[in-house]
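Here is a quick tour of a predicted model. Have a look at the fold before reading on.

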Amino acid sequence: MLEAEDLHAGYGAIPVLAGTSLTIAEGAFVGILGHNGMGKTTLLKTLAGILPANAGRVRLAGEDITRLASHERTRRGLGYVPQGREIFPALSVLDNLRFAVAAKGKPESGAIETVLEEFPRLKPLLERAGGALSGGEQQLLALARCLVQAPRLVLLDEPTEGIQPSMIETIADRLTALRQRRGLTTILVEQNLDFIKALSDRVLIIQKGRIVREVAPAELDDPAMVSEFIGAA
C-alpha cells in the first residue's frame, strides 16, 4: 500500500529525516514510537505532503506521489489526522465534515451520513461549533473529517494526546471497528504504550530520523527496551 524509500526532509536548514524507509501492507496497522524530536511527526507530514521531501521516494498503491501536493494525495486516498486535531473551531461539526467532503473534490453522496454511523456520538453535536467540543469530541470529529473522504490509508498523529481515558477507549474501539469493516490501512504515531500495543500489528522505532528497529507489540512490556528506544518505562 505505502512505500517510503530513503526519505530526507526537515525545516529549512534543519534536517530531521535522514534516510527513512518503510513499507506498509494493505490493511496493516503499524505503530511508530521514538523519543521526542526523532522525526515521528515530520515523517507523517512528509508522507502526507505537508512537508516536501528533499530526497527519496514515496509510493502509494504503486504510484509515485513524492512530488504531489497534499490535496492531490488526499484525492488518491491518503488521509491525515494531525497532532492537535486542527479542526475548524468556528465551524459547526456538520460544516467541518462538509468542508472535508468538498476538499476531496466529490459531491457528498451520503458520505457524511455514512461516517456518522461510524461516529454516532457526533450526531447530536452537528450544529455545535467545533471549538465548543471537548478534547475527546474534537478528536472524534478530526477522525470523522478524515474518514468522510474515504481514504485507503490514514496517518494518525498522537490521537490520545490530552484525552480522558474513557474517550481513549472509545477512539480505540472506533479504529478497531473501522479496520474490520473498511480494511483501513493505518500508521499511528503515539506515546500511549497501551493504546499503540492494543491496536498495532507491528511497531517501528525511529531514532534520529531513521527507522532503526521493528518490534512486536508484546515487546512494549519490556521496560528496558522501552526506556532505551522510547524514553519512558
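## The largest pocket

Sort the lining of the largest pocket by residue type and you get 11 nonpolar, five polar and three charged residues. That lining is made up of 19 residues, and Thr74, Tyr80, Pro82, Arg145 and Gln149 are the ones that lie nearest the centre of the pocket. As for volume, the largest pocket comes to about 480 Å³.

Helix α2 gives the largest share of the lining, with four residues.

As a rule, nonpolar side chains in soluble globular proteins tend to be buried together. Here, the largest nonpolar core has 48 residues, and the members that touch the most others are Leu33, Phe119, Leu122, Ile171, Leu175, Phe195 and Leu220. Helix α5 gives the most to this core, seven residues in total. There is another core lying apart from this one, with 28 residues, including Leu17, Met38, Leu44 and Leu47.

Leaving out residues up to four places away in sequence, Leu122 touches Leu116, Glu137, Leu140, Leu141 and Ala144.

## Helix α4 and its buried face

Now for helix α4, which spans residues 111-118 and has Ile112, Val115, Leu116 and Glu118 as its buried residues. Look down the axis of α4 and these buried residues fall within an arc of 150 degrees, so they line one face of the helix.

What do the buried residues of α4 pack against? Their partners are three helices: α3 (93-104), α5 (135-147) and α6 (165-182).

Ile168 sits in helix α6 and is buried, at 14% relative accessible area, which is under the 20% cut-off. Its contacts, again skipping residues up to four places away in sequence, are Thr160, Ile163, Asn192 and Phe195.

Gln164 belongs to the loop between β7 (153-157) and α6. Is Gln164 buried, partly exposed or exposed? Partly exposed, with a relative accessible area of 48%. Gln164 pairs up with Gly136 in space: their C-alpha atoms are 7.0 Å apart, although the two residues are 28 apart in sequence.

## Two positive phi angles

Most residues other than glycine have a negative phi. Against that background, have a look at Ala150, which is not a glycine and still has a positive phi of about 55 degrees. Ala150 is found in the loop between α5 and β7 and counts as exposed, at 51% relative accessibility.

Lys208 is another non-glycine residue with a positive phi, in this case near 50 degrees. Where does Lys208 lie? You'll find Lys208 in the loop between β9 (202-207) and β10 (210-215), and with 67% relative accessibility Lys208 counts as exposed too.

Key. Residues numbered from 1 in each chain as written. Predicted model: local features only at pLDDT ≥ 70, side-chain atom pairs only at ≥ 80, totals over all residues. Heavy atoms only, no water. Buried < 20%, exposed > 50% of the residue type's maximum accessible area, 1.4 Å probe, protein only. Arc of directions from axis to C-beta. Contact = heavy atoms within 4.5 Å. 1 Å grid on protein atoms, 1.4 Å probe; cavity = no way out; pocket = protein on both sides within 12 Å on 5 of 7 lines; lining within 4 Å. Points joined across faces, edges and corners; volume = space filled by probe spheres on them. Nonpolar A, V, L, I, M, F, W, Y, C, P; charged D, E, K, R; others polar. Core = buried A, V, L, I, M, F, W, Y, C linked by side-chain atoms within 4.5 Å.
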